[in-house]
Amino acid sequence: MTTGVKTHTISFVKSQKTMVKTQVEYRVSPPVTNQELNTLFASAWPDHNTWDFTPTLEMSLGYVCAFQGDRLVGFVNVAWDGGRHAFLLDTTVHSDIQRHGIGLELVRRAENLAREAGLEWLHVDYETHLSEFYEKCGFKNTTAGLIKLKD
Ligand SMILES: CC(C)(COP(=O)(O)OP(=O)(O)OC[C@H]1O[C@@H](n2cnc3c(N)ncnc32)[C@H](O)[C@@H]1OP(=O)(O)O)[C@@H](O)C(=O)NCCC(=O)NCCS
């Protein structure tokens, strides 16, 4: 299984005049707190409610986190059926650092994680406006279904 820390450098515009370079570090299944995850999710998901992620992380095949220094700026979870299928959930990049390739890197590393675990299929579902993102990640379109069980 993939372990260890890998980094990539991204450049982003901090203000109209300043372009900064920053290092983003990717870790597979590192220790991460509810506070870090809730802060990240609150920035990227408009309807996010504070949530206890502990059971999700415990049930996961693994997850990938992106850090800018000490700050959690990205997360994706690889849920597992115990057999040949994994399901990508909660791909999230902090709102102030989106569109710099972090999402693509997270998904690429999540795919490696599932591949190295010997699984055969990686699934994801998403809203239509994210088709381009998941196509760039390498997913092929399929028909899928969803039932909302709780309001
Ligand atoms: C979706 C998300 C994870 C993408 O992460 P990201 O780091 O911003 O994406 P990347 O920079 O790796 O995007 C790579 C490419 O995917 C496409 N893409 C990414 N986000 C997109 C969006 N919101 N709409 C359309 N295309 C998008 C673009 O082609 C982009 O390349 P470009 O920036 O050169 O045009 C991030 O926008 C996010 O956290 N959104 C809120 C939470 C969410 O909806 N998650 C999806 C769960 S299914």
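Strand 4 (residues 71–80) and strand 5 (85–93) run antiparallel and are joined by 6 bridges. Strands here are DSSP E runs of at least two residues, helices are H or I runs of at least four, both numbered from the N terminus, and two strands pair if DSSP finds at least two bridges between them. This is a predicted model: local features need pLDDT of at least 70, side-chain atom pairs count only at pLDDT 80 or more, and totals for chains, interfaces and linings use all residues. Residues are numbered from 1 along each chain as its sequence is written.

Back to the hairpin. Strand 4 and strand 5 have 4 residues between them, and Gly-82 in the turn has a positive phi of about 85°. Trp-80 stands opposite Ala-86 in strand 5. Ala-86 also stands opposite Leu-122 in strand 6. Strand 5 and strand 6 pair in the parallel sense, over 3 bridges. Between these two the chain passes through helix 3, a right-handed β-α-β crossover; that is, with the strands pointing away from the viewer, the path from the first strand over the helix to the second runs clockwise.

Next, the loop between helix 3 and strand 6 (121–123), where Gly-118 sits. Gly-118 is exposed, because 8 other C-beta atoms lie within 10 Å; the cut-offs are 12 or fewer for exposed, 20 or more for buried, and partly exposed in between, with C-beta atoms placed from the backbone. Gly-118 and Arg-84 are 34 residues apart in sequence, and their C-alpha atoms are 7.7 Å apart in space.

Last, the ligand. Strand 5, helix 3 (102–116) and helix 4 (131–136) each supply at least two residues of its shell.
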